[in-house]
Amino acid sequence: MTWMITGGAGYIGSHVVKALVEGGHRVVVFDDLSTGDPGRLPDGVPLERGTVLDRDALDRVLREYAVEGVVHIAAKKQVGESVERPLWYYRENVEGLRTVLEAAADAGVRRFLFSSSAAVYGMPDVDLVTEQTPCEPMSPYGETKLAGEWLVGATGRAHGMATACLRYFNVAGAASPELGDPGVFNLIPMVFDRITQGKAPLVFGTDYATPDGTCIRDYIHVEDVAAAHVAAARRLTDDPAAGLVLNIGSGEGVSVAEMVALIAEVSGHTDLEPEVAPRRPGDPARVVASAEAITKELDWTAQHDVRSMVTSAWAGWQLRHPE
Ligand code: WQD
């Protein structure tokens with residue numbers, strides 16, 4: 001059977017495509033190349049260029065490749081940008097998803113996997129975030145992901161689709177330097193950006209109620225994220241009634257201070273003392289997944305540690321910034 005991967009030419013999408021192909025699945029990538037890059041795709045994987053708002057293009061690709069499963073990853077994903085442009089985020093992320101779901105339902109697709117985010121939880125006030133922790137998104141971005149989960153669930157129930165919504169925690173690392181994250185909007189690339197310019201890394205707030213005062217996150221290697229998709233794809237094939245909502249996290253918290261020290265060590269820039277900057281608005285003190293449900297449901301656990309995330313991310317950064 002063939003899976004259509006929307007956003008398959010992006011950072012996370014291309015890792016999912018690679019893992020599905022290595023798992024013996026046939027895939028077709030549907031991507032508008034707004035942030036994606038065809039060079040990320042394994043040889044022989046077809047790329048159909050189009051936007052998820054284009055119903056005709058979706059219909060054609062679903063029919064032409066006889067698609068039986070969809071992995072919907074294409075989305076806008078910058079929290080700050082979503083605050084400034086909520087209408088655009090709702091159109092791209094919610095109307096885009098709705099269009100893909102409608103096309104998939106009409107084409108008789110029976111399996112649907114959706115990229116969600118830990119952003120649905122907002123500021124969780126718990127040690128480990130379970131899927132039962134209340135969802136109170138703090139940004140339009142998080143809202144679009146939560147609304148997306150509702151859409152996916154309702155469509156699955158109404159149209160007899162097996163569905164899974166996967167809530168990514170802090171994705172990092174790369175399978176190879178060419179597949180590294182091209183963006184600079186998260187902690188690891190932001191620190192690389194500073195230190196390679198000879199500037200001190202910034203730590204946004206050291207007065208949080210955490211052991212070292214800096215925020216704690218659950219970093220997860222993008223290859224582990226991809227492996228979770230392969231496991232979920234298998235599950236949706238075996239279980240036509242599945243309606244899963246699962247965290248993809250390691251269950252381990254790492255503080256910003258620990259991460260910045262590790263990045264300095266791996267990159268060899270230990271000379272630059274981190275600089276304390278004011279808290280970034282909207283940052284929760286601690287967001288760490290409980291990985292119990294995904295381990296139980298998909299027999300998946302994270303295999304890579306933060307060091308391998310930073311090392312592989314650094315190799316990718318150096319490839320893209322040879323200067
Ligand atoms: C991590 C920590 C910063 C840069 C965001 C989205 C989330 C998901 C992943 C998409 C925070 C601190 C950062 C720096 C710092 N996105 N930091 N200095 O905010 O946990 O999650 O990306 O699905 O929805 O909200 O990730 O990497 O931006 O920040 O101190 O130069 O690092 O304040 O505590 P975040 P992040």
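User: What is the handedness of the crossing of H1 and H7?

Analyst: In this predicted model, the crossing of H1 and H7 is right-handed. Helix H1 covers residues 11-22 and helix H7 residues 222-238.

User: Why are H1 and H7 called oblique to each other?

Analyst: Their packing angle is about 55 degrees, and the axes are 8 Å apart. Angles under 35 degrees count as roughly parallel, those from 65 to 115 as roughly perpendicular and those over 145 as roughly antiparallel, with the rest oblique. H1 and H7 are therefore oblique.

User: Which residues make the contact of H1 with H7?

Analyst: H1 contributes Tyr11, Ile12, His15, Val16, Ala19 and Leu20. From H7 come Val222, Glu223, Val225, Ala226, His229, Val230 and Ala233. By class, ten of the contact residues are nonpolar, two are polar and one is charged.

User: What makes H4 and H5 roughly parallel to each other?

Analyst: Helix H4 (residues 86-106) and helix H5 (residues 140-159) pack at about 15 degrees, with their axes 9 Å apart. The cut-off for roughly parallel is an angle under 35 degrees, and H4 and H5 therefore receive that description. H4 passes H5 in a right-handed crossing. Residues of H4 in the contact include Tyr89, Tyr90, Leu97 and Leu101, and those of H5 include Tyr141, Ala147, Leu151 and Val152. The contact of H4 with H5 divides into twelve nonpolar, five polar and two charged residues.

User: How many aromatic pairs does the structure hold, and why is the pair of phenylalanine 192 and tryptophan 314 called tilted?

Analyst: There are four aromatic pairs. In the pair of phenylalanine 192 and tryptophan 314, the ring centres are 5.0 Å apart and the planes stand at 50 degrees. Pairing requires centres within 6.5 Å; planes under 30 degrees apart would be stacked and over 60 edge-to-face. The pair is therefore tilted. Phenylalanine 192 lies in H6 and tryptophan 314 in H10, so the pair ties together parts 122 residues apart in sequence.

User: What makes the phi values of alanine 66 and aspartate 299 worth noting?

Analyst: Most residues other than glycine have a negative phi. Alanine 66, by contrast, has a positive phi near 50 degrees, and aspartate 299 has a positive phi of about 55 degrees. Alanine 66 lies in the loop between helix H2 (55-64) and strand E4 (67-72). Aspartate 299 is in the loop between helix H9 (292-298) and H10.

User: How do you know what confidence the predictor assigns to the chain?

Analyst: The mean pLDDT is 97, and 100% of the residues reach 70 or more. Confidence is lowest in helix H3 (residues 79-84), at a mean of 96, and highest in strand E1 (residues 2-6), at 99. The model scores ipTM 0.98 and pTM 0.98.

Key. Residues are numbered from 1 along each chain as its sequence is written. This is a predicted model: local features need pLDDT of at least 70, side-chain atom pairs count only at pLDDT 80 or more; totals for chains, interfaces and linings use all residues. Side-chain values use heavy atoms; hydrogens and water are left out. pLDDT is the predictor's confidence in each residue, from 0 to 100. Helices (H or I, at least four residues) and strands (E, at least two) are DSSP runs, numbered from the N terminus. Rings of Phe, Tyr and Trp (its six-membered ring) pair if their centres lie within 6.5 Å; planes under 30 degrees apart count as stacked, over 60 as edge-to-face and the rest as tilted. Axes are lines fitted to C-alpha atoms, for helices over the stretch in contact, and angles run from 0 to 180 degrees between N-to-C directions. A crossing is left-handed if the near helix is turned anticlockwise from the far one by less than a right angle, and right-handed if clockwise. Contact means heavy atoms within 4.5 Å. Ala, Val, Leu, Ile, Met, Phe, Trp, Tyr, Cys and Pro count as nonpolar, Asp, Glu, Lys and Arg as charged, and the others, Gly among them, as polar.
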